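Have the structure open while you read.

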Amino acid sequence: MFQQIFLLILAFLFIMPSTYALEIEIKGGYQSATPIAIVPFSWGEGQQSPVDIAKIIRADLSRSGLFSPLKLNELPERPAYGDSIDFARWKSTAAEQLGVGAIKPVGKNKYEVTFQLLDIFSGQKVFSYRNTVDGKNLRRIAHQISDNIYEKLVQERGAFDTLIAYVVVNNNRDQKNRTYILAIADSDGFAEKVILKSKKPIMSPAWSPNGKRLAYVSFEKNRSVIYIQELKTGKRQVIAKFKGINSGPRWSPDGKRIAMTLSKDGNSEIYIMHLASGVLQRITNHYGIDTEAAWAPNGQSLVFTSDRGGKPQIYQVAVNKSGRAGHPKRITHEGNYNSRASFSPDGKELILVHRNNGNYRVAKLDMNSRQLKVLTRSKLDESPSFAPNGKLVLYATELHGRGILEAVIVDGSHSPQRLRVLSGDVREPAWSPYRSQ
Amino acid sequence: MLDWIKSNGRGFSIAVALHVVFIGALLFNWEWDKPKRIVLEQGDVIQVNSIDANSYDAEIKKIAEKKRSDERLKQQRKQQQVKKKQQEKKRKAAAKKKKQEAARLKKEKLKQQQLKKKALKEKQLKDDAEKKEALAKKQAVEKAKKEALAKKAADAKKTAEAKKKAEQDKKRQEAKRKQQVEAEKKRQAEIKRQQKRDREEWLRKSKGIVNKYAALISRKIEQNWRQPLDVASDLSCRVNIKLQPTGKVISVRVLESSGSLSFDRSVETAVRKASPLPVPEDRELFEQFRDLTLFFSPEQEPGKN
């Protein structure tokens with residue numbers, strides 16, 4: 001009965017008598033991650049691919065929050081090429097899109113990778129991909145394919161073929177054997193490469209805009225020192241080992257300056273170091289703690305955390321290359337704790353840690369409306385960092401007393417995606433800029 | 001009588017001569033039957049030469065001569081008489097002939113007259129007949145002419161009538177045909193009108209069904225309409241879809257893009273996912289669903305988040 005009444009109401013609502021042709025209105029629908037099937041890539045007879053590309057793609061897409069890849073047991077068939085697909089079978093699955101691919105050895109440690117994405121319901125090819133690479137680059141190929149899928153279906157640039165830097169603390173509870181590792185890995189947390197190992201704390205890794213260098217703080221000399229290290233060569237240089245605190249290095253968008261927190265003048269203040277000359281430019285001058293500076297994408301202002309108002313809040317200050325800094329303005333007003341802010345790539349939002357009922361959570365602040373939106377439901381989030389496409393935020397949080405990495409989609413209301421659970425405590429992640437091909 | 005002789009002396013002489021000849025001929029004819037005797041006939045002119053008495057011979061000769069001359073005379077006389085008789089006879093015959101001729105002529109004349117008369121009569125009769133015939137002929141000709149004319153007229157009339165009739169027939173047929181066409185047209189129009197009426201009536205009746213199916217389609221697509229997570233909720237999209245009578249979606253074409261390709265894609269996928277769409281089984285009702293415009297808008301009713 002209810003259904004009939006509902007249908008009648010729908011009928012009256014939806015039939016537009018103005019035009020001769022029937023027009024039907026469809027309202028509502030539902031939002032969800034795009035169901036997509038990525039079939040395991042075919043490989044030569046009875047052989048095992050050195051890298052499960054499909055699995056990497058599935059994880060990437062899943063982590064983005066915008067896709068829900070089918071599980072292997074949900075795949076009705078495992079075609080490797082677009083022309084051998086039985087679409088009727090796929091239509092009965094949840095998938096809307098179908099990716100098929102193949103890896104073919106074409107020489108010593110050389111592989112030709114092909115991939116096609118197809119729209120199951122229209123039968124149309126969305127794109128095809130072909131590349132020949134070394135074995136060690138198969139993972140990267142997987143991420144590039146993920147980026148392609150993302151770009152085609154989301155209409156935004158993908159950020160899977162990027163890196164993350166983070167700090168791992170091993171044996172955190174055993175002070176004697178505790179070790180700190182500065183590492184980089186693919187954006188999915190795999191293919192980890194250790195940059196620095198130390199018995200003393202390593203903190204605040206920061207990417208140079210070209211993605212080739214990292215700045216970080218190391219306590220290996222039993223005091224905080226800011227280093228810059230070239231990833232390819234491992235060559236590093238000290239850029240700040242002033243008396244007191246040397247922390248929170250952040251590269252300017254042009255790569256020529258680094259903002260940092262120094263207490264060489266007695267109190268934590270924000271400075272800008274001009275890398276070419278080594279000249280320091282003091283940005284803040286307040287008796288409160290000013291720390292955790294971050295650049296606006298246009299390079300003309302910084303945001304930083306300051307307790308000059310009594311509680312930690314985010315302030316913004318205008319900067320220019322040679323002149324004096326402007327007067328800092330408080331931009332967060334919600335709650336009594338906001339810290340560790342970073343600009344989104346488009347400069348329209350800030351991502352920060354916001355304390356809410358005793359929980360420290362990742363939140364985003366709209367720079368225009370000053371509206372704050374909490375993105376996570378965890379207890380102790382830290383170091384949120386935007387993906388270069390601004391779609392995801394990577395952060396560290398605590399799970400069973402251990403630091404892990406999670407990513408959350410900035411727009412939307414779905415659960416954060418956990419990255420690979422590494423051994424040890426993971427903290428202070430930093431997402432790299434886009435990589436050059 | 002004397003006067004008559006005096007005035008007609010010659011005739012009288014001839015008549016006397018003729019009488020003498022006639023009487024003499026009568027006597028002569030008689031004597032001829034007896035011995036021959038020479039008789040001088042008064043009235044005859046005889047030339048007599050004196051006999052030379054000198055010579056017997058001469059005389060005999062004279063006598064023989066005379067005898068011969070007499071003989072000759074007699075002969076001549078005889079011949080003359082014969083001639084006269086012959087002449088008389090001839091005359092008589094001539095007279096008779098004349099008489100006969102006259103009679104004949106008379107008769108002939110009479111006959112001719114009769115003939116003429118008869119001929120006249122005949123001619124008249126003939127003429128009359130001819131006249132009559134001519135008249136008759138003329139009449140006949142006239143009649144024939146008249147008849148011919150009449151026939152001609154009749155024929156003309158007939159032809160005209162036939163023509164007229166043909167024309168009339170044609171006209172009638174044309175009219176009939178027109179009428180039929182008109183009637184057919186009318187009939188068709190009526191059929192169409194009736195069909196339209198039926199259709200309208202049917203449509204009115206079927207509107208509920210159409211509405212029901214529109215709602216079913218809307219719901220089925222809505223249930224299949226999964227939107228991407230990262231699209232704004234104020235988007236909308238208008239598409240045209242074409243259906244098979246089975247409800248199977250043949251094509252989806254974006255009429256008004258939302259501006260977001262992924263949103264448009266979600267709409268297209270929703271329609272294709274929902275295929276086959278519920279459509280009325282009735283072919284005519286289905287026609288309203290063959291070509292549809294769909295308007296997609298994710299905005300929820302107020303209060304539903």
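Predicted model: local features only at pLDDT ≥ 70, side-chain atom pairs only at ≥ 80, totals over all residues.

**Where the chains meet**

Start with the contact between the two chains. On the chain B side, 40 residues are in contact with 38 residues of chain A. Put together, the two chains bury about 3600 Å² between them, and 55% of that is on carbon and sulfur atoms. In chain B, the residues that lose the most area to chain A are R226(B), L229(B) and R265(B), which together make up 22% of what that side buries.

Which parts of chain B supply the touching residues? Helices α3 (56-224), α4 (261-274) and α5 (283-290) and strands β1 (226-227) and β4 (291-297) of chain B each give at least two residues to the side that touches chain A. The largest share comes from α3(B), with 14 residues. Sorted by class, that side of chain B has 17 nonpolar, 11 polar and 12 charged residues.

As for salt bridges, the interface of chain B and chain A has 4 of them. One to click on is K273(B) with E96(A), where the closest N and O atoms are 2.7 Å apart.

Strand β2 (residues 30-31) of chain A runs parallel to β1(B), and 2 bridges join them. Within this pairing, Q31(A) stands opposite Q227(B).

**A sheet in chain A**

Now for chain A by itself. An open sheet of 4 strands is laid out there in the order β19-β20-β21-β22, with antiparallel pairing. The edge positions go to β19 (290-295) and β22 (329-330) of chain A; each has a single partner strand, so one side of each is left without a neighbour in the sheet. Inside the sheet, β20 (residues 301-306) and β21 (residues 313-318) of chain A pair in the antiparallel sense over 6 bridges. If you want a landmark in that pair, V303(A) stands opposite Q316(A) in β21(A).

**Residues to zoom in on**

Is S262(B) buried or exposed? This serine, found in helix α4 of chain B, has 5% relative accessibility, so S262(B) counts as buried. Leaving out residues up to four places away in sequence, S262(B) touches L153(A), V154(A) and Q155(A) from chain A, plus P228(B) and V231(B) from chain B.

Most residues other than glycine have a negative phi, and most peptide bonds are trans.

| Residue | Phi | Place in chain A | Relative accessibility |

Lastly, take a look at the cis peptide bond in chain B. The bond from S275(B) to P276(B) is cis, with omega near 0°. P276(B) sits in the loop between α4 and α5 of chain B, and both of those helices supply at least two residues to the side that touches chain A.

Technical notes:
Residues numbered from 1 in each chain as written. Chains lettered and ligands numbered in written order. Heavy atoms only, no water. Contact = heavy atoms within 4.5 Å. Buried area = accessible area lost by both parts, 1.4 Å probe. Salt bridge = Lys/Arg side-chain N within 4 Å of Asp/Glu carboxyl O. Nonpolar A, V, L, I, M, F, W, Y, C, P; charged D, E, K, R; others polar. Pairing = 2+ DSSP bridges. Buried < 20%, exposed > 50% of the residue type's maximum accessible area, 1.4 Å probe, protein only.
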